[in-house]
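The model is a predicted one.

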Amino acid sequence: LPYPGFTHFASILTGYGCPYHCLYCHVGELGYRLRPVDSILAEVRVAREAGAKQIYFRDATINARRRHLLEWTGDIVRAGLQMPWAAFATAAPLDHEMAAAMRASGCAHLQIGVETLDEALRTENGKPFDDAAHGGFVEVCHAHDIEVTAHIVLGLPGETEETMSVTVDGLVDAGFDYVAVNLAEDRPGIPWRKQDVTLAVRPAGGTNAVDGPSLAELQAWQARAYRRFYLRPRRLAHEAMRRVVTRDVGDALGLMKDVARWWST
């Protein structure tokens with residue numbers, strides 16, 4: 001995970017699958033259903049009694065159903081079970097009432113799939129949220145002291161040097177607290193396969209022959225994105241201090257290795 005302090009955590013689900021059907025992701029093909037609130041609270045209680053200090057809610061979209069989220073976060077507060085937690089979310093819905101309820105229950109960090117800062121490319125790949133929605137998501141989170149990690153995917157169908165440049169050049173100004181830059185993988189079950197679209201990178205290693213940037217080109221842009229975002233003096237100082245505060249030695253060593261890799265590529 002691209003942020004410190006969550007190296008050791010309990011994993012809990014509040015819902016299965018995902019209600020959205022982005023063409024590059026197979027999670028939405030699993031269907032979607034919510035877990036009973038009592039089951040969520042029982043697992044939070046077990047995690048706390050077992051000594052867990054943080055929770056990672058492993059949902060693909062923690063905020064997919066407003067009423068359900070307000071119910072289980074409110075129950076956590078009423079039961080006195082608050083502890084820091086992180087989760088994946090999506091750009092909508094997330095209003096101030098939801099964010100306040102999440103923060104009160106312990107939410108410290110949300111991850112969001114932005115995929116690309118080229119809005120046309122994002123739309124072509126089935127993402128139902130635009131730049132304004134992502135900007136609004138970050139604004140609401142920051143208003144409630146919730147950090148945001150943006151997940152970026154390089155190599156989606158239609159990716160070009162120009163679209164990658166738009167993404168990399170815009171990362172710093174987009175307001176994200178952290179970024180995780182991934183390469184689009186040709187995973188089994190992704191909707192693109194139903195349309196005979198193949199992605200360049202194979203999950204188990206190797207590449208497919210596709211139109212668009214090669215694996216080496218994608219990796220070069222990936223390193224460029226990390227350098228642009230993280231290798232700023234103020235940003236490096238921030239990262240180092242966070243790991244001192246959390247005493248996360250393993251994560252600090254991982255960061256040092258990443259920095260060395262980014263500089264060398």
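Strand S7 spans residues 147-154, and because eight of its eight residues are buried, the strand is largely enclosed by the rest of the structure. The cover extends to both of its faces: Glu147, Thr149, His151 and Val153 are buried on one side, and Val148, Ala150, Ile152 and Leu154 are buried on the other. Strand S7 runs parallel to strand S6, to which it is joined by six bridges, and in this pairing His109 stands opposite Glu147 of S7.

Strand S7 also pairs with strand S8, again in the parallel sense and over six bridges. Within this pairing, Ile152 has Val181 of S8 as its bridge partner, while Val153 stands opposite Asn182 of S8. Strand S8 itself, residues 178-183, is mostly covered, with five of its six residues buried.

**The largest pocket**

How much space lies in the largest pocket? The computed value is about 720 Å³. Its lining comprises 26 residues, and those nearest the centre of the pocket are Tyr24, Cys25, Phe88, Glu115 and Arg187. Strand S6 supplies the largest share, namely three residues. Sorted by class, the lining of the largest pocket contains 15 nonpolar residues, seven polar residues and four charged residues.

| Residue | Relative accessible area | State |
|---|---|---|
| His134 | 5% | buried |
| Leu81 | 7% | buried |
| Glu139 | 60% | exposed |

His134 belongs to helix H5, which covers residues 131-143. Its relative accessibility is 5%, and because a residue under 20% is classed as buried, His134 counts as buried. Once its neighbours within four places in sequence are left aside, His134 is in contact with Ala91, Ile112, Gly113, Val114, Arg122, Lys127 and Phe129.

Glu139 is also placed in helix H5, yet with a relative accessible area of 60% it is exposed. The C-alpha atoms of Glu139 and Gly175 are separated by 8.4 Å, although these two residues are 36 residues apart along the chain.

Leu81 lies in the loop between helix H2 (66-78) and strand S5, and with a relative accessible area of 7% it is buried. Apart from its neighbours within four places in sequence, Leu81 is in contact with Leu41, Val44, Arg45, Arg48 and Ile76. The C-alpha atoms of Leu81 and Arg58, which are 23 residues apart along the chain, are separated by 18 Å.

Note on methods. Residues are numbered from 1 along each chain as its sequence is written. This is a predicted model: local features need pLDDT of at least 70, side-chain atom pairs count only at pLDDT 80 or more; totals for chains, interfaces and linings use all residues. Side-chain values use heavy atoms; hydrogens and water are left out. Buried means under 20% relative accessible area, exposed over 50%, partly exposed in between (1.4 Å probe, protein chains only). Helices (H or I, at least four residues) and strands (E, at least two) are DSSP runs, numbered from the N terminus. Two strands pair if DSSP finds at least two bridges between them. On a 1 Å grid over the protein atoms alone, a cavity is a set of points where a 1.4 Å probe fits but cannot get out, and a pocket is an open set with protein on both sides within 12 Å along at least five of seven lines; lining residues have an atom within 4 Å of a point. Grid points are joined across faces, edges and corners, and a volume is the space filled by probe spheres set on the points. Ala, Val, Leu, Ile, Met, Phe, Trp, Tyr, Cys and Pro count as nonpolar, Asp, Glu, Lys and Arg as charged, and the others, Gly among them, as polar. Contact means heavy atoms within 4.5 Å.
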